[in-house]
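Below is a short report for a reader meeting this structure for the first time.

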Amino acid sequence: MVRKAAGGTGRASGAVKGARRPEVRLPPLEPDEGSALEPDGDYDGLEFRETDFAGQDGGGARFMDCALTGCALDETRLHHARFLDSVLTGVRGVGTDLAESTLRDVELVDARLGGVQLHGSVLERVLIRGGKIDYLNLRKARLKDVVFEGCVLVEPDFAGARLERVEFVDCVVKGADLTAATLIDVDLRRAAELDIARGVDRLAGAVISPVQLFELAPVLAAALGVRVHGDAGEV
């Protein structure tokens, strides 16, 4: 079982509350026998290694105290699934459907995913470390105590989502959409690269560095309707 972290990251500034990271301690696991996923299946204390779940339907399934390592998730249907106290390492796939799922006390490590659907999902105490995720759909999702660390996010969609105590650490964020998002104690200061395509006006509730403020100045000015000219004599 997972033992939850007792506190945040201990930021000295106190300007933003740090995320509580998961502390996953898996019990001894039984190797999976290679059976296919089943809708509403119940998977407890299992290790899935290099399993090909491509195209399978595990909608509504529950994974508790599980490890998924090197598994293929191309077009895998996991709508309404629950991942609890589990570690996913090196999973890969395009078009994985995790819409309206629950991830609680989960570590996602070195994933290579594209077009993964997590809209309407709930993520609580989740660490996403390493790897690359293209076109991550988190529309109207709820993220609380989530850390993105050392990963690359290409055009992540947070439109309408609620982010509370979320940290971006040493990660690259390209073309993020924050339209209608709600941010509470979101720490962007340590992002290696931060590019916001839409919704820059939703940054209230986030903290950024002075360098990031300078880099975001053009988009912030555009959002405010401010025209910037180098010559005071220009009209």
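In which loop is Ser101 found? Ser101 sits in the loop between strand E7 (92–94) and E8. Strands (E, at least two residues) and helices (H or I, at least four) are DSSP runs, numbered from the N terminus.

## About the model

This is a predicted model: local features need pLDDT of at least 70, side-chain atom pairs count only at pLDDT 80 or more, and totals for chains, interfaces and linings use all residues. Residues are numbered from 1 along each chain as its sequence is written, and side-chain values use heavy atoms, with hydrogens and water left out.

## Ser101 and its surroundings

Ser101 is buried, at a relative accessible area of 1%. Buried means under 20% relative accessible area, exposed means over 50%, and partly exposed lies in between (1.4 Å probe, protein chains only). The side chain of Ser101 reaches the backbone nitrogen of Ala81 at 3.1 Å.

Contact means heavy atoms within 4.5 Å. Leaving aside neighbours within four places in sequence, Ser101 is in contact with Leu78, His79, His80, Ala81, Ser121 and Val122.

## The nonpolar core

In soluble globular proteins, nonpolar side chains tend to be buried together. A nonpolar core is a set of buried Ala, Val, Leu, Ile, Met, Phe, Trp, Tyr and Cys residues joined through side-chain atoms within 4.5 Å. The largest one here has 55 residues. Those with the most contacts inside it are Phe63, Leu68, Phe83, Leu143, Phe148 and Phe168. Strand E8 (residues 102–114) gives the largest share of this core, five residues.

What does Leu143 touch? Not counting residues up to four places away in sequence, its partners are Leu123, Leu138, Phe148, Phe158, Arg162, Leu163, Glu164 and Val166.

## Aromatic rings

Rings of Phe, Tyr and Trp (its six-membered ring) pair if their centres lie within 6.5 Å. Planes under 30 degrees apart count as stacked, over 60 as edge-to-face, and the rest as tilted. The count comes to eight aromatic pairs. Phe63 and Phe83 make a stacked pair, because their ring centres are 4.5 Å apart and their planes are at 0 degrees. Phe63 lies in strand E4 (residues 62–64) and Phe83 in strand E6 (residues 82–89), so the pair ties together parts that are 20 residues apart in sequence. Phe63 is buried at 1% relative accessibility. Phe83 is buried too, at 4%.

Phe148 and Phe168 are also stacked, at 4.9 Å centre to centre and 10 degrees between the planes. Phe148 belongs to strand E10 (residues 142–149) and Phe168 to strand E12 (residues 162–169), so this pair ties together parts that are 20 residues apart in sequence. Phe148 is buried at 0%, and Phe168 is buried at 5%. One aromatic cluster is formed by Tyr43, Phe48, Phe53, Phe63 and Phe83.

Why is E10 described as largely enclosed by the rest of the structure? Because six of its eight residues are buried.

Two strands pair if DSSP finds at least two bridges between them. Strand E9 (residues 122–134) and E10 pair in the parallel sense over seven bridges. There, Val122 has Arg142 in E10 as its bridge partner. E10 and E12 also pair in the parallel sense over seven bridges.

Gly160 lies in the loop between strand E11 (152–154) and E12. Gly160 is partly exposed, at 33% relative accessible area. Not counting residues up to four places away in sequence, Gly160 touches Lys140, Thr179, Ala180 and Ala181.

Ala191 is found in the loop between strand E14 (182–187) and strand E15 (193–198). Ala191 is buried, at 12% relative accessibility. Leaving aside neighbours within four places in sequence, Ala191 is in contact with Phe168, Asp170, Cys171 and Gln212. The C-alpha atoms of Ala191 and Ser209 are 9.5 Å apart, and the two residues are 18 apart along the chain.

## Cysteines

A disulfide is a pair of cysteine sulfur atoms within 2.5 Å. How many does a search of the whole structure find? The search finds zero. For Cys66, the nearest cysteine sulfur is that of Cys71, 10 Å away. Cys66 is buried, at 0% relative accessibility.

The sulfur of Cys151 is 4.8 Å from the closest cysteine sulfur, in Cys171, which is too far for a bond. Cys151 is buried, at 2% relative accessibility.

Key. A polar contact is a pair of N or O atoms within 3.5 Å; within protein, one must be able to donate a hydrogen and the other to accept it, and residues adjacent in sequence count only if both atoms are side-chain atoms.
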